[in-house]
Amino acid sequence: MQNKPYKPKLLWLQSITCNGNTHSFLNHPDLFSILENFELIHHPTLDSEYTMADVLSKNVPCDILILEGSVIENGFKKAGVEVSSLIHAYAGKAKHIISVGTCATFGGIFKQNNPEEISGLCFDLEEKTQHYEKYASKLISLPGCPVHPRWLSFVLLMLAKNKSIDIDSLHRPKELYGYTVHNGCTRNEYFEWKIDTKNFGHKEGCLFYEQGCQGPYTRGSCNKILWNDTSSKTRVGTPCFGCTEPNFPQQSLFTTKTNMGIPAKIPLGISKRAYLTLTGVTKSFKIKRFSKDLLEYD
Amino acid sequence: MKKLQIKQLIEKIEGEAELDFTFNDGKIEDVKINFGFYRGIEEILRGKTARDALVITPRVCGICNHAHLIAAVRAIEDGYANAGENITLTSKAKDIREFTLICELIQNHIKWLYMTMLPQLESYLDKKSGENYAIKATYLASRITKALAIFAGQWPHSSYAVPGGVTCDPTYVDVMQAQSLVDECIKFFERVVVGLSLDDYLAIDSVSSLHKVDGDFGKLLHLIGDNGMSTIGQSYDKFIVFGDSILSNAGKSIVTNISNVDVKYVSESSQEGSVAKAVTYKNKLFEVGPLARGMVAKTPIVKSLHKNYKDSLLSRVFARVHEVALLLAHSKKLLAKLQLDELSCTLDPHSKLDDFEGVGIVEAARGSLIHKTTVKNGLITNYDIITPTQWNLSHGNETQQGIAIKAMVNSTTIEEATFIFRTFDICSVCTTQ
Amino acid sequence: MNMSEKKAFKRESIMQTALELFSLNGFHKTTIPDIAKKLHISVGSFYNYFTSKDFLAQEIIKYTSEALGEKIRVVNMTDASAQDKIQQIVTIYFTMAEEKPEMIDYFLRVYLSNREVFSENCEGMVCVAGFITEIMIFFDDCVESGELRNQDFFSAFGLFMGYLGGMVFLKGEGVLPKDIELYIDDISRNIYCALKVQE
């Protein structure tokens with residue numbers, strides 16, 4: 001009889017979270033075929049081999065640790081056990097650590113209530129935490145509020161197949177975060193010609209100039225690998241709020257910050273002078289096609 | 001008389017909770033419910049601009065984030081109205097908001113049925129079928145959230161509802177896709193969940209025809225009925241609903257008498273030894289959620305169950321799954337009547353109102369969700385979020401034990417009590433915002 | 001000087017001569033033969049550089065705008081305070097008005113008064129982008145540093161450039177009692193006070 005292939009043991013641990021990453025991943029249409037590649041040691045909602053009480057003993061096996069939620073060293077206990085001690089026990093044991101969501105990666109939204117003590121596991125905003133060195137060799141960051149289900153499945157399947165994942169300085173897979181959210185946005189034509197949308201609720205127009213869209217300088221492939229396999233914020237007229245970035249969430253998310261009408265932040269890697277030169281030129285043309293609605297219903 | 005204290009960690013309930021049971025003479029006398037970590041969303045909101053709440057508050061909860069968005073946008077719109085600037089939504093914007101909210105309720109109830117109720121009941125009764133219920137839950141949930149995302153961009157954590165309407169501007173291509181996803185969910189509900197056509201299922205109006213329910217829901221009802229669990233888990237028989245929706249109008253039901261409510265009588269108080277705040281209406285405890293909505297709306301089958309089994313576990317479980325049918329049927333109607341030629345957002349983008357106070361109410365999966373915002377000079381100075389779970393899981397007041405605690409009292413085993421606890425569809429994260 | 005340098009030099013001298021003639025005789029009254037004659041070149045040779053008078057007009061506005069933009073760019077690259085930068089920009093503008101009055105004259109009398117000449121290929125800000133971009137950078141930097149009050153671009157731009165244009169116009173009309181350089185300090189301070197962050 002042939003031996004069954006070894007399945008990596010997967011442990012999904014929650015720290016300070018809203019469970020958004022858990023529910024995001026449950027939307028994955030291929031969820032169970034992906035999970036077939038693993039032995040599910042524990043999961044917040046799915047049936048798993050060990051109970052939470054078992055996990056609290058710090059003795060259950062763990063090859064891949066998925067961490068959801070931001071981290072506080074002291075003051076968050078589950079049944080008397082400091083959650084941080086659980087994280088360190090399993091992070092030490094694991095061969096791979098995946099921080100899912102912006103909270104686990106950079107501290108995220110919940111950091112704002114206690115900026116001194118709450119952070120991501122290996123990053124505090126963009127800075128490395130004291131734990132970085134310990135875990136750096138096995139860390140993969142998947143920021144996003146929440147994490148995109150297909151981004152997580154990509155990493156899981158790459159690990160299951162023993163393939164290496166190319167990562168950037170914040171340990172984000174380049175294949176997923178090499179893009180900006182702007183890339184693939186259906187409003188790109190309006191961005192090219194600097195035509196802003198008149199108000200919320202229109203197919204036409206770009207959200208970068210007035211509505212606060214951070215797509216051109218936010219890393220993530222939201223408009224390449226669509227949400228719920230169907231859409232994205234910008235496609236439905238909602239600005240990108242930069243939820244994959246270390247500093248998420250910032251202030252005044254529905255308004256573009258401008259200096260004398262000039263966008264304070266401009267597309268990634270472009271000098272302001274180059275951007276403004278181009279803008280001045282494109283803005284001068286009145287293109288008839290763009291002055292009309294795409295469709296009109298009678 | 002022997003007193004005994006037992007601690008139990010409850011998991012897979014949108015986080016975890018710890019229950020401290022006090023047994024007296026073999027029966028549960030009291031339960032203390034403790035939740036994990038207070039995350040301080042209300043504090044985080046202070047000092048941010050009014051509309052930032054549309055992005056921040058959905059992050060209270062991964063499973064009912066959309067309800068938080070709708071409550072947040074309604075709070076701002078109510079604030080505008082209070083300050084003299086009435087916002088009139090188009091029927092298009094109203095219908096789209098209602099549709100996406102319905103989608104979230106459906107995914108919640110279906111996950112609860114398949115990922116909590118069925119596996120937990122089988123395990124409690126030691127009748128494990130070994131069936132992969134989660135695959136059924138995620139099949140339906142991922143489809144209905146996809147329908148939601150056609151309009152809202154994504155689920156979880158959309159922020160597509162803005163003061164004056166919605167950000168999306170859908171086409172008929174979008175509507176057709178959403179319709180076909182809803183149809184698929186209806187088929188699934190008919191074939192797998194109840195084993196009946198939706199019409200036949202909805203025609204069931206009394207306990208006497210309950211036996212017609214087949215499928216997995218039928219299985220659950222049988223497991224409850226056959227194991228003598230139909231009458232357990234009763235609480236105070238007092239229900240309250242604050243939001244108007246297709247499921248119910250606002251109102252309260254006390255021993256089947258329905259009367260009006262006003263959100264101004266809602267008050268919150270901190271509870272000793274808990275990170276969750278208790279909430280009362282005129283200092284009285286009420287149950288919120290699907291059973292409350294069914295009672296206030298006088299839904300025939302819910303009334304019939306209540307007549308036979310009071311506010312028991314069976315009534316509570318039934319009312320929640322029943323909402324799936326009502327919501328699926330209604331969502332189809334909403335899509336059919338969408339007026340795409342209307343404006344999506346009616347608020348003038350240059351309209352600027354910097355000082356207001358408003359309340360937003362929404363019927364979320366677990367019951368009434370209330371947001372209160374106070375804005376001065378454009379910035380939030382105070383934000384209050386009252387979640388459904390705070391009503392159902394409060395410790396109680398001087399004279400009465402909390403709603404869920406009352407339902408567990410007199411149980412003889414921890415296993416039975418925790419199953420009763422789960423019938424409230426517990427959300428740990430919502431309780432500890 | 002190689003061929004392309006020679007050509008560029010020639011091109012520039014045509015523009016410079018045209019500027020002087022436009023300023024002296026008016027834009028409409030100046031013809032291509034007039035310009036060719038002044039330069040001692042044939043009309044055919046002129047057409048090797050500019051295909052029409054309108055095209056020449058557009059190229060001149062780009063040329064002046066870039067010349068001005070380049071000088072402001074040097075100011076933008078420094079760490080000077082907003083107040084200093086304003087003083088420097090005002091100086092640049094008035095010096096140009098003094099040394100090359102035809103350039104500013106052209107901008108005010110030809111570019112702004114004959115929009116039909118610039119309607120095609122020179123829409124909006126296209127031909128003055130070199131100058132406008134640097135003014136934008138200046139505003140953006142000074143708002144970012146917290147020195148100037150954030151507002152709409154045109155409300156700030158109009159105050160700054162409308163003021164300078166008005167002064168140069170008065171100078172051209174011979175109305176100013178003093179040399180224009182003597183106004184630099186007061187005007188710079190006025191502009192700074194109008195645009196700075198209010199306490």
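Me: Where is Pro249(A) placed in chain A?

Reply: Pro249(A) sits in the loop between helix H10 (188-192) and strand E12 (258-259) of chain A. Helices (H or I, at least four residues) and strands (E, at least two) are DSSP runs, numbered from the N terminus. Before we go on: this is a predicted model, where local features need pLDDT of at least 70, side-chain atom pairs count only at pLDDT 80 or more, and totals for chains, interfaces and linings use all residues. Residues are numbered from 1 along each chain as its sequence is written, and chains are lettered from A and ligands numbered from 1 in the order in which they are written.

Me: What kind of peptide bond joins Phe248(A) and Pro249(A)?

Reply: Start with the general idea: most peptide bonds are trans, and most residues other than glycine have a negative phi. The bond between Phe248(A) and Pro249(A) is cis, with omega about -10°. Another cis bond runs from Cys145(A) to Pro146(A), with omega near 5°. You'll find Pro146(A) in the loop between strand E11 (139-142) and helix H8 (149-160) of chain A.

Me: And phi? What is the phi of Asp229(A)?

Reply: Asp229(A) is not a glycine, yet its phi is positive, about 55°. Its place is in the loop between H10 and E12 of chain A. Lys58(A) also has a positive phi, about 65°, and is not a glycine either. Look for Lys58(A) in the loop between helix H3 (52-56) and strand E3 (64-68) of chain A.

Me: Is Lys58(A) buried or partly exposed?

Reply: You count neighbours: a residue is buried if 20 or more other C-beta atoms lie within 10 Å of its own, exposed if 12 or fewer, and partly exposed in between, with C-beta atoms placed from the backbone. Lys58(A) has 15 other C-beta atoms within 10 Å, so it counts as partly exposed. Asp229(A) has 14 within 10 Å, so it is partly exposed.

Me: How many residues of helix H9 (residues 290-297) of chain B are buried?

Reply: Eight of its eight residues are buried. Among them are Pro290(B), Arg293(B) and Val296(B).

Me: How do I read helix packing? At what angle do H8 (residues 153-172) and H9 (residues 184-195) of chain C pack?

Reply: Axes are lines fitted to C-alpha atoms, for helices over the stretch in contact, and angles run from 0 to 180 degrees between N-to-C directions. Under 35 degrees counts as roughly parallel, over 145 as roughly antiparallel, 65 to 115 as roughly perpendicular and the rest as oblique. H8(C) and H9(C) pack at about 165°, with their axes 10 Å apart, which means H8(C) is roughly antiparallel to H9(C).

Me: Which residues of H8(C) and H9(C) meet?

Reply: From H8(C) come Ala156(C), Leu159(C), Phe160(C), Tyr163(C) and Met167(C), and they meet Ile187(C), Ile191(C), Ala194(C) and Leu195(C) of H9(C). As for spacing, an α-helix has 3.6 residues a turn, so residues three or four places apart point the same way.

Me: Which helix of chain B gives the most to the side that touches chain A?

Reply: Two residues are in contact if their C-beta atoms, placed from the backbone, lie within 7 Å. By that rule, 59 residues of chain B are in contact with 52 residues of chain A. H5(B) gives the most to chain B's side, with 11 residues.
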